[in-house]
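Please have the sequence and the model open while reading.

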Amino acid sequence: MEFIFDNEIYVLLKQYIQPEMLIVVPTLLFLGWMMKSTPKVPDWLIPYVNTVVGIIAGIAMTPSVIDGIIQGILVSAMSILVYNLYRQWKRKNGTDANNEKEQPK
């Protein structure tokens with residue numbers, strides 16, 4: 001567990017994102033997954049909706065509106081980054097069912 005807390009990425013996250021806002025990241029990931037599973041929601045719309053929801057959550061959870069907007073943008077960007085890293089990992093392993101090109105095995 002010490003490795004996680006001594007990691008440079010964790011230190012950077014702790015520097016810029018407030019700890020109470022970190023719960024919004026998995027919430028946005030779940031919301032994005034729900035929208036991705038919905039046939040009538042286009043994929044290009046998901047990051048925009050996640051950003052708006054992140055900003056609303058940030059304004060609700062922080063004392064200042066400006067801080068809330070910044071925190072909302074940061075956590076929505078973090079959730080999009082986590083999703084993209086997951087997709088790249090799936091593509092590398094050839095297990096991505098949504099991948100247009102099949103990876104050679």
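## Helix packing

The model described here is predicted. Helix 4 passes helix 5 in a right-handed crossing. Two packed helices are described by the angle between their axes and the distance between the axes. For helix 4, which covers residues 46-61, and helix 5, the angle is about 140 degrees and the axes are 7 Å apart. That angle makes helix 4 oblique to helix 5, because only angles over 145 degrees count as roughly antiparallel.

Helix 4 also packs with helix 3, which is made of residues 24-37. Here the angle is about 150 degrees, and the axes lie 10 Å apart. Helix 3 and helix 4 are therefore roughly antiparallel to each other. The crossing of helix 3 past helix 4 is right-handed.

## A nonpolar patch on the surface

Which residues form the nonpolar patch on the surface? They are Leu12, Tyr16, Ile66, Ile70 and Leu74, and together they have about 490 Å² of accessible area. Helix 2 (8-16) and helix 5 (65-93) each supply at least two residues of the patch. Helix 5 gives the most, with three residues.

Leu12 is located in helix 2. Is Leu12 buried or partly exposed? Its relative accessible area is 46%, so Leu12 is partly exposed: the value falls between the limits of 20% for buried and 50% for exposed.

Ile66 belongs to helix 5. Its relative accessibility is 55%, and Ile66 therefore counts as exposed, since the limit for that class is over 50%. Ile66 can also be placed relative to Ile55: the two are 11 residues apart in sequence, and their C-alpha atoms are 9.8 Å apart in space.

## The loop between helix 2 and helix 3

Gln18 sits in the loop that runs between helix 2 and helix 3. With a relative accessibility of 22%, Gln18 counts as partly exposed, because buried means under 20%.

How many residues apart along the chain are Gln18 and Leu74? The separation is 56 residues, while the distance between their C-alpha atoms is 9.9 Å. Leu74 is one of the residues of the nonpolar patch described above.

Definitions and conventions:
Residues are numbered from 1 along each chain as its sequence is written. This is a predicted model: local features need pLDDT of at least 70, side-chain atom pairs count only at pLDDT 80 or more; totals for chains, interfaces and linings use all residues. Side-chain values use heavy atoms; hydrogens and water are left out. Patches are made of residues with over 30% relative accessible area and no salt bridge: like charges are joined within 9 Å, nonpolar side chains (Val, Leu, Ile, Met, Phe, Trp, Tyr) within 5 Å. Accessible areas come from the Shrake-Rupley method with a 1.4 Å probe; for residues, only the protein chains shown count as cover. A salt bridge is a side-chain nitrogen of Lys or Arg within 4 Å of a carboxyl oxygen of Asp or Glu. Helices (H or I, at least four residues) and strands (E, at least two) are DSSP runs, numbered from the N terminus. Buried means under 20% relative accessible area, exposed over 50%, partly exposed in between (1.4 Å probe, protein chains only). Axes are lines fitted to C-alpha atoms, for helices over the stretch in contact, and angles run from 0 to 180 degrees between N-to-C directions. Angles under 35 degrees count as roughly parallel, over 145 as roughly antiparallel, 65 to 115 as roughly perpendicular and the rest as oblique. A crossing is left-handed if the near helix is turned anticlockwise from the far one by less than a right angle, and right-handed if clockwise.
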